[in-house]
Amino acid sequence: MPPVTPARGVPRRAAALLAGLALAAGGLSATALTAPASATAPVAAAADTPVRVNQLGYLPDGPKRATVASAATAPLGWQLRDAAGAVVASGTTAVRGADQASGQSTHLVDFGAYTGSGSGYTLGVDGRTSHPFDISPSLYDSLRADSMSFFYQQRSGIAIDAVLAGGSAYARPAGHLGVAPNKGDGDVPCQAGVCDYRVDARGGWYDAGDHGKYVVNGGISVWEMVNSFERARRSGGDAALGDATLRVPERGNGTPDVLDEARWELEFLLRMQVPAGKPMAGMAFHKMHDARWTALPTRPELDAEQRELHKPSTAATLNLAASAAQCARVYEPYDAAFAARCLDAARRAWTAAKANPDVLAPASDNTGGGAYEDADVSDEFYWAAAELLATTGESQYRDAVTSSPHHARPVDGFWWGGTATLGRVTLATVPGAGLPADDTARLRGLLTSAADGHLSTMAGQGYPVPLPAAGYAWGSNSAVTNNAMVMAVAYELTGQQRYRAGALESLDYLLGRNALDLSYVTGYGERHSENQHHRFWAHQNDASLPHPPAGSFAGGPNAALEDPVAREKLAGCAPAACYVDDIGSYSTNEVAINWNASLAWLAAFAAERRGAPAAPAVQVAPAAVTVPEGGSVQVGVRLSAAPARDVTVTVARSSGDQDLSAAATLVFTPADWATAQQVAVSAAQDADTLPGTATFAAGGPGVRSATFTATEADDDTAMAACTVTYRIDNAWGNGFTATVSVRNTGTSAVSGWTLGWSFAGDQRIGNAWNASVSQSGSTVTARDAGWNATLEPGGSVSFGFQATYSGTNAPPARFTLGASVCS
């Protein structure tokens, strides 16, 4: 798309906002989503200025700082002017001096005390004036939508609608559906020697500026988008990402639009799993792309190259396991069948990865597409185990998490090849993620410590950014957004405003407050990137093709200068200035789905309205417990968000059996609201044979109350008589399936049955059906599934499970039904 007008691109931003309003209202027309004619004619780019601001603007309740490139050694006067030219705030700069990353001398301006809002503000310093900017609570609404629209326009296998894409220049036929000259993605062969069958690999997103599709980059991109919704749902801001909020074809289907968009990629990832019955079944093909690099430009539907599947890899398989496990957790309320498909794929991928732990993608596989090599997949194992644990709560995944070396390490920066921190974020934020409270608290401490490290880095810079001077590598802008996400997570965990400020100032850097006085997001700011490396959005190479659409995110400065254009034009550049807005500079100026995914996550976070916060909700996990008669169990109580001040939560029985008791008074502060406090639920010893139940309330002033239930496991019930049949149905190298049948041979019905046994070997149950099965060490406990809870005299019930083993696989020698030993 052409550059914005000298009037700061207001028409484009306004058009995007109006489009969003039209979608939300249910009314949509081509006019509402088409950029105005004034935005389609080329105009001269605005000159740079030494007064560097976020060229989009600032939030009224956020930090408001600017940087001035000046060699002056004494403070300089500054004036903030409104659109009419009136001075509304003034002061003097703070001299920062030499800035290592930019190679410039800098001053800082802080006008955060100004509480007004409006458009057309400018900041004047020493006779020089910034680009105009806005101060508005709705500042990031259009960026939230446009950064997400990027994914719709990167879709493979679907025609792109001009109305949804923002104009006829962006409309195109479906790519790679087998319509000549495409070879198509519906029947894709493997590279020679990889497989002897073909796969339907339609759909998904084109990964970057080419037409390749990669599982390892798709996994992190999907995770960031779905996690954005998970985070917003916890904060109460999920309506902004709900149905009919984005420009996607699926709007109005009852599913949040961000999940509709992510599903387009998830369906592709599921198709990349090796089918059952084939060698390496359950693994995921590493990638699929053209056999040879295509020319630039090449529209997707005009790509004539043969498409190929590349060898499965452990990294790709674990990306599938992690993203599909997250899918099962988040999509279940909207499409239970799809969620079940995801969980099945995640389990099969985990099992396959465990059986093939070192199938690594080589760096040499880079003809026609990127290699995406990864020699260490321990981080992917940790991430996948964390997602499966958060979704299922099963002990096998807990064991994998707690035994991983990544579980105790400091939080590191994440990217497609380093994903451990994604697992840490899930375990620290998803309620009831399945870890002990002290373990969860430790992980949260590691995340906030990492956020403090980013803030410390920013504090020493002239252009505050969570990136050291040595960190300007390929995709440096995505490192900025990813590190800003960690600070935003720390804000969620603690409620401390310094973390939110750090995340927002990271956006300031990306949107113009940087060494180049340039916004790296197309369509945002007077001076913005507009020639990103892309085969369709390639106006610089072919005037009949468009510039990238608004919301496209450039990779950013790369001090290594890894392409010919960068080496020619950027020799001798300071690290933060090693960027050129040229379509040929793929090492500084390409787009990629994982980069835009983190920008979209951050834009959604920044766009959330943060007025008077809603009262946090009390959360109790588990929400239902069984208490042995004469014993007790623990429940964890925490809040859903930080309270404005200390709050007191009282736990007490509200109804039910008085033999069940729990009483506690808990205090939560704005700093420790996320740390679960343990409450004991007890069952008194009594003489009756009834399994009593009770309901408990947890609440108080300033919070939304919660309830939980407890059921007594009575030990006075007459001993049941029973027989058990244990049958191995199918066994293979290191796994088997089995069916267990239990028959009530007594004269009384058994209501709510629990069957227990111990394995003699190292058998580990992975999943079960028709019963709820858990395992601790060698001890297995199977409980009824609810619908089969009653065992009448002479009646029987069967359930099955799948497990792994090594060595011998002897059947259990002893079974117990409740307190009775079965024959």
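This is a predicted model: local features need pLDDT of at least 70, side-chain atom pairs count only at pLDDT 80 or more; totals for chains, interfaces and linings use all residues.
Helix α5 covers residues 215-235 and helix α6 covers residues 257-271, and the two pack at an angle of about 155 degrees with their axes 10 Å apart. Angles over 145 degrees count as roughly antiparallel, and α5 and α6 are therefore roughly antiparallel to each other. Their crossing is left-handed.

Who actually touches whom here? On the α5 side, the contact is made by V215, G218, G219, V222, M225, V226 and F229. On the α6 side, look for V258, L259, E261, A262, E265, L266 and L269. Sorted by class, that contact of α5 with α6 has 10 nonpolar, two polar and two charged residues.

Now move along the chain to another helix pair. Helix α7 (residues 314-331) packs against helix α8 (residues 336-355) at an angle of about 150 degrees, and their axes are 7 Å apart. That angle makes α7 and α8 roughly antiparallel to each other as well, and the crossing of α7 and α8 is left-handed. From α7, the residues in the contact are T314, T317, L318, L320, A321, A324, A325, C327, A328 and Y331. They meet A336, F338, A339, C342, L343, A346, A349, W350, A352 and A353 in α8. What does the contact of α7 with α8 look like by class? It has 18 nonpolar, two polar and no charged residues.

Next, the aromatic rings. The structure holds 33 aromatic pairs. Take Y726 and F801: their ring centres are 6.3 Å apart and their planes sit at 45 degrees, so this pair is tilted. Y726 lies in strand β27 (residues 722-732) while F801 lies in strand β35 (residues 796-804), so the pair ties together parts that are 75 residues apart in sequence. Are these two residues buried or exposed? Both Y726 and F801 are buried.

Y726 has another ring partner to follow. With F815 it forms a tilted aromatic pair, 6.2 Å centre to centre and with 40 degrees between the planes. This pair also links distant parts of the chain, since Y726 is in strand β27 and F815 is in strand β36 (residues 815-817), 89 residues apart. Both Y726 and F815 are buried.

Step back from these pairs and a wider group comes into view. Ring pairs link Y726, F736, W753, W757, F759, F799, F801, Y805 and F815 into a cluster. So if you want to find the cluster on screen, Y726 in strand β27 gives you a place to begin.

Technical notes
Residues are numbered from 1 along each chain as its sequence is written. Side-chain values use heavy atoms; hydrogens and water are left out. Axes are lines fitted to C-alpha atoms, for helices over the stretch in contact, and angles run from 0 to 180 degrees between N-to-C directions. Helices (H or I, at least four residues) and strands (E, at least two) are DSSP runs, numbered from the N terminus. Angles under 35 degrees count as roughly parallel, over 145 as roughly antiparallel, 65 to 115 as roughly perpendicular and the rest as oblique. A crossing is left-handed if the near helix is turned anticlockwise from the far one by less than a right angle, and right-handed if clockwise. Contact means heavy atoms within 4.5 Å. Ala, Val, Leu, Ile, Met, Phe, Trp, Tyr, Cys and Pro count as nonpolar, Asp, Glu, Lys and Arg as charged, and the others, Gly among them, as polar. Rings of Phe, Tyr and Trp (its six-membered ring) pair if their centres lie within 6.5 Å; planes under 30 degrees apart count as stacked, over 60 as edge-to-face and the rest as tilted. Buried means under 20% relative accessible area, exposed over 50%, partly exposed in between (1.4 Å probe, protein chains only).
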